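Let's take a walk through this protein together. Have the sequence and the 3D view open, and follow along as we go.

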Amino acid sequence: MHVIDKIVSQVGRRIDESSPMVDARLPDGSRVNAIIPPLAVDGPLLSIRRFSQDRLMPPDLVEKRSMTQGMMELLEAAVKVRLNLVISGGTGSGKTTLLNALSAFISPKERIVTIEDAAELQLKQPHVVRLETRPPNLEGQGAVRQRALLMNTLRMRPDRIVVGEVRGEETLDMLQAMNTGHDGSLTTIHANSPRDAVSRMEVMVSLANSNMQPLAIRQQIASAVHLFVQTSRQSDGSRRVVNITEVTGMEGEVITMQDLFVFEKRGLTPEGRIIGRFAATGIRPRFHEKLLSAGILLRSDLFEEVEEI
């Protein structure tokens with residue numbers, strides 16, 4: 001308990017019976033979470049998430065078999081042509097790591113504003129504005145949420161907006177920003193599949209405006225988001241991109257999507273390592289014309305690529 005008190009006091013927070021949970025960022029960027037009795041039944045608990053100072057770059061992810069070279073080429077083209085990307089996945093599946101890696105493709109001439117609950121992103125461009133939410137003080141006042149930061153960001157003339165994770169009513173403002181000229185925005189969301197990510201976004205938008213009709217919410221999502229990139233932590237501990245899915249529009253009241261790349265699990269080795277393959281579906285994306293008009297020419301065999309692992 002003494003260790004927890006010492007850590008949280010360094011970041012200007014307190015933990016006691018009236019406030020038995022703390023989530024904060026340490027000066028070195030690590031995330032710390034502490035919870036004490038009566039909420040923690042068996043005694044005080046302390047969790048610290050440390051982040052590597054050397055972020056993984058796109059070639060590192062390809063080398064580690066998190067995705068194929070062709071998949072990375074497609075995502076590079078999508079970032080450069082300013083498509084809006086949502087990276088979805090479970091806890092610890094590598095969403096922030098992938099977001100960091102993809103940010104390397106953003107031009108150094110662009111002004112980027114990042115918004116996070118706890119600053120984890122490590123963008124290397126010269127024009128990066130980093131914003132972080134603020135929890136309430138000891139009196140329960142002064143909290144600044146992601147939604148307030150996002151609304152303020154729109155007045156800061158950003159070329160791109162990067163939200164570490166959307167998890168509440170700020171989703172509506174993020175979609176509206178994507179729809180009103182802030183192309184090339186990136187964010188992450190907790191979801192088990194691209195279709196689940198759409199459903200979660202619908203729920204979060206309805207939290208911000210309960211009067212919005214489901215059809216109107218879906219139209220906002222369909223017009224704002226171009227690509228969902230699904231990450232997954234596999235049973236052998238490896239992290240992989242298991243879907244790259246394009247949003248193609250609306251059909252009636254349903255958002256239509258098509259997979260461009262998938263990871264197919266085939267089995268396990270005797271040591272428990274996953275056997276499978278990355279496979280292109282053979283479908284050319286709707287935004288292919290946009291790539292050509294921007295002078296980006298992808299390999300002709302990219303959408304027939306199959307790689308066994």
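Predicted model: local features only at pLDDT ≥ 70, side-chain atom pairs only at ≥ 80, totals over all residues.

Where the two touch, domain 1 puts in five residues and domain 2 puts in six residues.

So what does that meeting place look like? Between them, domain 1 and domain 2 bury about 550 Å², and 48% of that is on carbon and sulfur atoms. On the side of domain 1, the residues that lose the most area to domain 2 are Arg14, Arg25 and Arg31, which together make up 70% of what that side buries.

Arginine 31 is worth a stop. Its side chain meets that of glutamate 120 in a salt bridge, with 2.6 Å from N to O. Side chains of opposite charge can pair like this when their charged atoms come close. Across the interface of domain 1 and domain 2, the rule finds one salt bridge. The count of residue pairs in polar contact between domain 1 and domain 2 is also one. Sort the residues on the side of domain 1 that touches domain 2 by class, and you get four charged, one polar and no nonpolar.

Now zoom out to the whole structure, where a search finds 16 salt bridges. One of them brings together the side chains of aspartate 173 and arginine 147, at 2.6 Å from N to O. Aspartate 173 belongs to helix H6 (residues 170-179) and arginine 147 to helix H5 (residues 146-153), so this pair ties together parts that are 26 residues apart in sequence.

Aromatic rings get a turn too: the structure holds one aromatic pair. Its partners are phenylalanine 263 and phenylalanine 278, in a tilted arrangement with 4.9 Å centre to centre and 55° between the planes. Because phenylalanine 263 is in strand S11 (residues 254-268) and phenylalanine 278 is in strand S12 (residues 274-280), the pair ties together parts that are 15 residues apart in sequence.

Finally, have a look at the backbone. Most residues other than glycine have a negative phi, and most peptide bonds are trans. Proline 37 and proline 38, though, are joined by a cis peptide bond, with omega at about 10°. You'll find proline 38 in the loop between strand S2 (31-35) and strand S3 (45-49). Arginine 82 isn't a glycine, yet it has a positive phi of about 65°. Look for arginine 82 in the loop between helix H3 (69-80) and strand S4 (85-89).

Conventions: Residues numbered from 1 in each chain as written. Heavy atoms only, no water. Contact = heavy atoms within 4.5 Å. Buried area = accessible area lost by both parts, 1.4 Å probe. Salt bridge = Lys/Arg side-chain N within 4 Å of Asp/Glu carboxyl O. Polar contact = N/O pair within 3.5 Å; in protein donor to acceptor, adjacent residues only side chain to side chain. Nonpolar A, V, L, I, M, F, W, Y, C, P; charged D, E, K, R; others polar. Phe/Tyr/Trp six-rings, centres within 6.5 Å; stacked < 30°, edge-to-face > 60°. Helix = DSSP H or I, 4+ residues; strand = E, 2+ residues; numbered from the N terminus.
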